[in-house]
Amino acid sequence: MLEEAVAATGLDTDAATLYLQLLALPVPTDRRIRRFNQWTLGHHKAVAAGLVEAGLVVADRRPRAGRGVFLPGDWAGGDKFYPPMETWKAGLLGVRVIGRKVYSRPVAGPLPELFARAWRTRPH
């Protein structure tokens, strides 16, 4: 999946990795991404800036998101039980979103399947 994302986007492997994680993971906080990828804060910021420059994500601040970049499109807020997320992920993760509010927990499934589904259904 990573090689396909690199080929389709022209990104390097770290940027494609972050893009896939933002597409697929229910709660891709900056702290989790750095831990998963074993990246330093500086490297993570540089990779995220590359995605912003490529027009694949937008830099923003959103309540309870725990990250600085987001996929373009609508955002659904969560509460203490449900994580906030991009609304297009609802179908991918089996989440109910009513209006701009998340009403169920994500059900992700095996990560390889989740990344493949996210890549196929990503917003273009």
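This is a short walk through the structure above, helix by helix and then out to the loops.

A word on the ground rules: the model is predicted, so local features need pLDDT of at least 70 and side-chain atom pairs count only at pLDDT 80 or more, while totals for chains, interfaces and linings use all residues. Residues are numbered from 1 along each chain as its sequence is written, and side-chain values use heavy atoms, with hydrogens and water left out.

Let us begin with helix α2, residues 13-24. Helices here are DSSP runs of H or I with at least four residues, strands are runs of E with at least two, and both are numbered from the N terminus. Helix α2 packs against helix α3 (residues 30-37) at an angle of about 130°, with the axes 12 Å apart. Axes are lines fitted to C-alpha atoms, for helices over the stretch in contact, and angles run from 0 to 180 degrees between N-to-C directions. The angle makes α2 oblique to α3; angles under 35 degrees count as roughly parallel, over 145 as roughly antiparallel, 65 to 115 as roughly perpendicular and the rest as oblique. On the α2 side, T17, L18 and Q21 make the contact, and they meet I33, F36 and N37 of α3. Contact here means heavy atoms within 4.5 Å. By class, these residues are three nonpolar, three polar and no charged. Ala, Val, Leu, Ile, Met, Phe, Trp, Tyr, Cys and Pro count as nonpolar, Asp, Glu, Lys and Arg as charged, and the others, Gly among them, as polar.

Helix α2 also packs against α6, at an angle of about 90° and with the axes 9 Å apart. That makes α2 roughly perpendicular to α6. Y19, L20, Q21, L23 and A24 of α2 meet L114, F115, A118 and W119 of α6. In this contact, eight residues are nonpolar, one is polar and none is charged.

Now look inside α6 itself. L114, F115, A116, A118 and W119 are buried there; buried means under 20% relative accessible area, exposed over 50%, and partly exposed in between (1.4 Å probe, protein chains only). Their cover includes α1 (2-9), α2 and α5 (89-93). L111 also lies in α6, but L111 is partly exposed, with a relative accessible area of 43%. From L111 to A24 is 8.4 Å, C-alpha to C-alpha, though 87 residues separate them in sequence.

How many aromatic pairs does a search of the whole structure find? There are two. Rings of Phe, Tyr and Trp (its six-membered ring) pair if their centres lie within 6.5 Å; planes under 30 degrees apart count as stacked, over 60 as edge-to-face and the rest as tilted. Y19 and W119 form an edge-to-face pair, 6.4 Å centre to centre with 90° between the planes. This pair links distant parts of the chain, with Y19 in α2 and W119 in α6, 100 residues apart. Both Y19 and W119 are buried. The rings of F70 and W75 have centres 5.1 Å apart and planes at 85°, so this pair is edge-to-face. F70 and W75 are buried too.

Finally, visit two loops. Q38 sits between α3 and α4 (41-53) and has a positive phi of about 55° although it is not a glycine. At 74% relative accessibility, Q38 is exposed. R64, in the loop between β1 (58-59) and β2 (69-70), has a positive phi of about 65°, again without being a glycine. R64 is partly exposed, with a relative accessible area of 49%.
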